[in-house]
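Me: Here is a chain with its structure. I would like to go through some of the labels put on it and ask what each one rests on.
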Amino acid sequence: MSARPRTGLLGVLTVVLALVLAGCGAIPNNSSPQPIRAFQRENPPNAVPAPQADMDSEALVRAFVKATANPRGNYRSARKFLTRSASEQWDSSGDMVVVDEVNVFIDERSATTVRLRLVGDNVGTLRPDGQLLPATGRVAATFDLRRVNDQWRIDGRLPNGTLIDKNQFESLYRSAVLYFPNSDRTALVPDPRWLYAGTDTDPGTLIRRLISGPSTDLRAAAGTAFPRNAGLRGKVGAVADGGVQVPLTGVGGLSDTDQQLMVAQIVYTLEGLEIGGPYQIDNDGVPLRSDKAEGWQPTDVAALDPNGAVAADVGLHVIRDGALLRVGDTATAPVTGELGTGDDLRSASISPDGKRIAGVLVRRPGAASSELVVAPYGGAPDTLVSAASITRPSFGRTADTVWSVVDGRLQRWQREEDGVDHVAAIDISAVTNLVRGPITELQVAPDGVRVAMVVDGQLVFAVVSTNAEGRIMLTGPRIAAYNVGNRVTSIDWASPTTLMLARDSPESPVLQLSINGTQAVGLLSGNLSPPVRSVVADLSTVYVGDSRGVLSLGSTNGEPDQYWTEVETAMTPGSIPVLP
């Protein structure tokens, strides 16, 4: 397999942007992957309802919840449903709760007043910065109404924040991915936000959010290359000959590194939303760099491409009968060295550059029956640790770090300049405060900042950060999705924004999950033979190991495959796919 393409299966597989939020326990299942919706920049017509003279109290409250979809003018549209005193008291700032399956119950009624309860399913929480967090449970809110000029209006004190109807959210909000430099300023980290399509999707809003910095949970692991006094000097708009002009102020005097990072933040944030370049970036009316007066292109900052090609050309591998084999078109061949010729390899990962292998060997019965080893590709392995239980290792962003959970403790090995792998225990107290139980699966995202793990059967996301004392920690943990269940057998990052999951389930055994807060979506499963025990993926292809062997799901001529294809040379029961 050659370098991973920038576009491919994930360009058509990102079904989660359809925001499938309904049903906390259900897995949305599409017969084939669906395309991403184009990023809409026009104002949606007739976006929200307005009070009508003939509305009864129940209809008015339902319409009020729909109207909160529009945040313009401090929720001016929604405030039309309130009495003046209620509007003055209502603090609409704070979180927005996304509700589904709304029911309204009348508790008290008179000729001029009504007290009713709105009850619905809590399917998400939208933070003020646009970050969507998955949620579960029920939402209940009490509303007092009274007649004003022979029409019903909501009266009394309302809870802080807002409620929004799920269908309105789906129609009027769009997902955008902003990019911020990691803590060592060597790579960009994705930060998904949900923006109101009526106003917030203006490119200037995106730039202002870049200047403001990453979301709360990322701040310990990422920052922004924009200086503290940076700002917009004018409107971000189209250029007559094509492209976008970004008029900035306060960004002069940046180092070459910070300038490249700042430009990369702008370019990849806008490009990812189909706001095409070239990108003319100015500082106080003067081109940021004289040789880029005509504009910057993604090729100018390609080294920071957050979905850039991986240098590895090692292709698909499988573990079969305890040995690591490279998969070819007509046959499989053992990897040179002990890992390819032995019979005790149980799991393995290949580094992003294809130069190192980390694996778990089971050599002998007993308390320390497993060994975590690392080896140059095709070389002799060195043992990092022996233990009773070791999860499948993960490299993350580079070949220099190896992660694994060893006898319940998360550890990371860092290869230093002396060529030695130095181990560090990771502080996971924030995770255990959220979910208690064993970590049975853990994989680090390609950006090296996020991790996905299965804790006591629940799928959890967290962020890798370092505190002031230099201690490595997992911070900002959250339940990744509430519709996955507790039978996950394998996880793998297809990209920094997308995770693939295999489940021990006859229904939707393979799932796709975005980090943008939406629920997991089932991939097609008609010709799979559960149980599916393993999954690996890259930008173009998903591979699974089911009861018959290894199968793939990719795209042909830009269109998603309609069924899983057998990898003929790897169709042996028990085979486990392995990718860089």
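Me: What makes strand S29 and strand S30 a pair?
Reply: Strand S29 (residues 498–503) and strand S30 (residues 510–514) share five bridges in the antiparallel sense. Two strands pair if DSSP finds at least two bridges between them, and S29 and S30, with five bridges, therefore pair. Strands themselves are DSSP runs of E with at least two residues, numbered from the N terminus. Within this pair, methionine 500 stands opposite glutamine 512 in S30.

Me: What kind of model is this, and how are residues numbered?
Reply: The model is predicted, and local features need pLDDT of at least 70, side-chain atom pairs count only at pLDDT 80 or more, while totals for chains, interfaces and linings use all residues. Residues are numbered from 1 along each chain as its sequence is written, and side-chain values use heavy atoms, with hydrogens and water left out.

Me: Why is the contact between arginine 117 and aspartate 107 called a salt bridge?
Reply: The term requires a side-chain nitrogen of Lys or Arg within 4 Å of a carboxyl oxygen of Asp or Glu. For arginine 117 and aspartate 107 the closest N and O atoms are 2.9 Å apart, so the pair qualifies.

Me: Are arginine 117 and aspartate 107 buried, exposed or partly exposed?
Reply: Buried means under 20% relative accessible area, exposed over 50%, and partly exposed in between (1.4 Å probe, protein chains only). Arginine 117 has 31% and aspartate 107 has 38%, so both count as partly exposed.

Me: How do you know that aspartate 504 and arginine 533 form a salt bridge, and what does the pair tie together?
Reply: Their closest N and O atoms are 3.4 Å apart, so the pair meets the cut-off. Aspartate 504 lies in the loop between S29 and S30 and arginine 533 in the loop between S31 and strand S32 (534–537), so the pair ties together parts that are 29 residues apart in sequence. Aspartate 504, at 26%, is partly exposed, and so is arginine 533, at 47%.

Me: How many salt bridges does the structure hold?
Reply: The structure holds 19.

Terms used: Helices (H or I, at least four residues) and strands (E, at least two) are DSSP runs, numbered from the N terminus.
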